[in-house]
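Subject: Structure for your review

Dear colleague,

Please find the structure below, followed by a summary of what was found in it. I would be grateful if you would read the two side by side.

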Amino acid sequence: MSGSYSLIFCAIDTPDLQRAVDLSAQVAPVTGAIKLGLEFFNSFGPQGVERVMAVCPTGTQLFLDLKFHDIPNTVAGAVRSICRGFAPAYLNVHAAGGFAMMEGAKEACEAASGGRTKLLAVTVLTSLDETALGAVGYQPGLAERVVQMAKLAQDSGLDGVVCSSHEIAALRAACGADFELMVPGIRPAGAALGDQKRVMSPQEALGLGATHLVVGRPITGADDPAEAARAIVGGIQ
Ligand code: C5P
């Protein structure tokens, strides 16, 4: 394995359990890391996660992208339930849940996973633009809000945030070198954008200070997902 091992989390976004298992078996030996999200988890639950991890090499990192957002007691309980089971490498919550929610989630995460699970925050969903944010009562200033929420997450003890590529530079400056930045919306040169509007290449995102990248369809939509993953991993070495 190279130094780029586990920099790339492959998003396994499918409602088909067998396809998720097949994709993970092909891709995880190359990337060393996969991401499973709400669609998968709500379809197949912890047992589905275990089915997928069973076909991945030992040590494969899992990012469970469940974006918890509720009162502190409930989120801490949800985090505890996940981390007692299979302790993913990464789990996330919404920063909009506030300091107490994030702090409680982090404590639960540490205790239940024995320090094996890192906790990330979602700042502002990238699907929301200034107009949509205004409609839910937020003041203008999307970029400032992202930084403010990332700093709140850092103050709460979280390990990093999930952010878009155009937020990397500002967050790296605001939160320092040790804060993890997990970045989706990544496209190698020539790859189809799909529904992603603002994308960046893996090399550019890492150059700006991303610590991990989430790459889905450029790998999972390829005729040979393992080969597509190898090309991306090879391109960042
Ligand atoms: O297929 P693609 O590379 O676009 O997949 C990106 C993954 O990252 C998807 O699982 C998507 O839900 C997730 N994601 C994203 N943008 C965000 C947060 C998560 O694309 N802001």
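Helices here are DSSP runs of H or I with at least four residues, strands are runs of E with at least two, and both are numbered from the N terminus. Please note that the model is predicted.

The largest pocket holds about 1300 Å³ of space. Its lining comprises 44 residues, and those nearest the centre are Thr 126, Ser 127, Pro 184, Gly 185 and Gln 196. Two or more lining residues come from each of β2 (33-37), α2 (38-54), β3 (61-68), α6 (142-155), α7 (168-175), β8 (212-215) and α9 (217-220). Of these, α6 gives the most, with four residues. By class, the lining has 20 nonpolar, twelve polar and twelve charged residues.

The cores. The largest nonpolar core has 65 residues, among which Leu 64, Val 79, Leu 91, Val 93 and Val 161 touch the most other members. Helix α1 (residues 17-31) supplies the largest share of this core, seven residues. Beyond its neighbours within four places in sequence, Leu 64 contacts residues including Leu 36, Phe 41, Val 49, Ile 82, Phe 86 and Leu 91. A second, separate core has ten residues, including Ala 11, Ala 89, Tyr 90 and Leu 120.

A loop residue. Thr 123 lies in the loop between β5 (118-122) and α5 (130-135). Thr 123 counts as buried because its relative accessibility is 5%, and buried means under 20%. Leaving out residues up to four places away in sequence, Thr 123 touches Ala 95, Val 146, Met 149, Ala 150, Val 161 and Val 162.

Yours sincerely

Note on methods. Residues are numbered from 1 along each chain as its sequence is written. This is a predicted model: local features need pLDDT of at least 70, side-chain atom pairs count only at pLDDT 80 or more; totals for chains, interfaces and linings use all residues. Side-chain values use heavy atoms; hydrogens and water are left out. On a 1 Å grid over the protein atoms alone, a cavity is a set of points where a 1.4 Å probe fits but cannot get out, and a pocket is an open set with protein on both sides within 12 Å along at least five of seven lines; lining residues have an atom within 4 Å of a point. Grid points are joined across faces, edges and corners, and a volume is the space filled by probe spheres set on the points. Ala, Val, Leu, Ile, Met, Phe, Trp, Tyr, Cys and Pro count as nonpolar, Asp, Glu, Lys and Arg as charged, and the others, Gly among them, as polar. A nonpolar core is a set of buried Ala, Val, Leu, Ile, Met, Phe, Trp, Tyr and Cys residues joined through side-chain atoms within 4.5 Å. Buried means under 20% relative accessible area, exposed over 50%, partly exposed in between (1.4 Å probe, protein chains only). Contact means heavy atoms within 4.5 Å.
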